[in-house]
Amino acid sequence: MGQPEETTAEESVAIAREAADVGAEVACRYFREGIGNDFKRDRMDPVSKADQETQDRIVEILEERDPAAEIVGEENDAAKTVPESGPAWLVDPIDGTNNFVRDNRLWGVSLARTVDGEPMAAATTLPAIGDTYAAGAGRVERNGIECSASDRTDPSSLIAAPIFGLKQRDRDDYDEVTGYIHHELGDLRRLGSGQTSLAMVACGELDAAISTVHMTAWDTVAGAHMVRAGGGRVTELDGDRWRHDSDSLIATNGEVHDELLAGLRDRLERR
């Protein structure tokens with residue numbers, strides 16, 4: 001018996017869309033329904049029944065459509081580390097859980113497929129808003145229409161999003177990044193959903209998304225892939241190419257990337 005054929009980027013995008021849509025149907029059953037929550041580390045890190053059931057349903061779809069791929073996910077007993085060889089799916093069943101449990105519509109269901117640790121396809125759907133972002137090889141779409149990162153170059157015109165969790169140890173970095181945005185750029189958007197922020201950079205709704213601390217792969221890989229597919233850049237703070245295991249993430253439209261990196265480094269060195 002021969003080896004199974006490789007799943008193409010186009011096929012992977014279709015699977016990502018399907019799994020995100022099915023997961024969104026599950027999550028929407030619980031949205032604004034007053035469900036109870038458990039907490040992982042503290043009161044700002046909730047996990048809901050919706051997260052867990054959404055991931056379970058997504059995993060069912062992925063195991064049926066792409067059985068050779070490993071599943072890496074935020075909830076339940078899924079693997080937590082992106083494999084460096086072979087295919088894998090990274091699943092964030094509800095990105096923006098704090099928004100979700102507060103009945104705020106800004107949350108999404110996000111997936112990315114990697115091969116040998118590198119992303120090749122991604123989808124993020126925001127069902128309470130009605131937007132779906134998806135990217136394969138060199139193309140990003142919003143609701144099926146191709147889009148791209150912005151072309152703004154004037155720092156005073158840029159809108160940037162800090163993408164941080166709420167761990168106490170990261171608060172100083174968060175302060176520095178928000179201070180940089182307030183004083184050196186045009187405006188700040190704190191969305192409470194890293195994948196949403198990155199998807200919006202990919203499609204020109206935001207100009208940059210910034211984290212100077214490590215973010216988990218399921219919170220970032222899909223969006224980072226979209227930014228690159230939309231013509232933007234994603235690096236670490238030192239300018240090296242960003243990967244799922246990097247300790248910082250700077251995503252921009254590409255036009256302002258080097259200037260933004262220099263400004264951030266300068267501010268952090270002066271603290």
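**Exercise 1. State which residues line the largest cavity, and how much space lies in it.**

Solution. Gly117, Glu118, Pro119, Arg228, Arg241, Trp242, Arg243 and His244 form the lining of the largest cavity. About 40 Å³ of space lies inside this cavity. The whole structure holds two cavities of 30 Å³ or more. A cavity is a set of points, on a 1 Å grid over the protein atoms alone, where a 1.4 Å probe fits but cannot get out, and lining residues have an atom within 4 Å of a point. Grid points are joined across faces, edges and corners, and the volume is the space filled by probe spheres set on the points.

The model is predicted: local features need pLDDT of at least 70 and side-chain atom pairs count only at pLDDT 80 or more, while totals for chains, interfaces and linings use all residues. Residues are numbered from 1 along each chain as its sequence is written, and side-chain values use heavy atoms, with hydrogens and water left out.

**Exercise 2. Give the strand order of the seven-stranded sheet and find its edges.**

Solution. Step one is the order: the open sheet runs β3-β4-β5-β6-β7-β8-β9, with mixed pairing. Strands are DSSP runs of E with at least two residues, helices are runs of H or I with at least four, and both are numbered from the N terminus. Two strands pair if DSSP finds at least two bridges between them.

Step two is the edges: β3 (70-73) and β9 (145-147) each have a single partner strand, so one side of each is left without a neighbour in the sheet. From one strand to the next, the twist averages 20 degrees.

Leu90 stands opposite Ala112 in β5.

Step four is the helices. Helix α5 (residues 194-202) lies across β4, β5, β6 (118-126), β7 (131-135) and β8 (140-142), at about 110 degrees to β4. Helix α6 (residues 221-229) also lies across β4, β5, β6, β7 and β8, at about 105 degrees to β6. Axes are lines fitted to C-alpha atoms, for helices over the stretch in contact, and angles run from 0 to 180 degrees between N-to-C directions.

**Exercise 3. Describe the surroundings of Glu141.**

Solution. Glu141 is found in strand β8. With a relative accessible area of 16%, Glu141 is buried; the classes are buried under 20%, exposed over 50% and partly exposed in between (1.4 Å probe, protein chains only). Beyond four places in sequence, Glu141 touches Arg17, Thr132, Tyr133, Ala134, Glu146 and Cys147, where contact means heavy atoms within 4.5 Å. The side chains of Glu141 and Arg17 are joined by a polar contact of 2.6 Å. A polar contact is a pair of N or O atoms within 3.5 Å; within protein, one must be able to donate a hydrogen and the other to accept it, and residues adjacent in sequence count only if both atoms are side-chain atoms.

Terms used
On a 1 Å grid over the protein atoms alone, a cavity is a set of points where a 1.4 Å probe fits but cannot get out, and a pocket is an open set with protein on both sides within 12 Å along at least five of seven lines; lining residues have an atom within 4 Å of a point.
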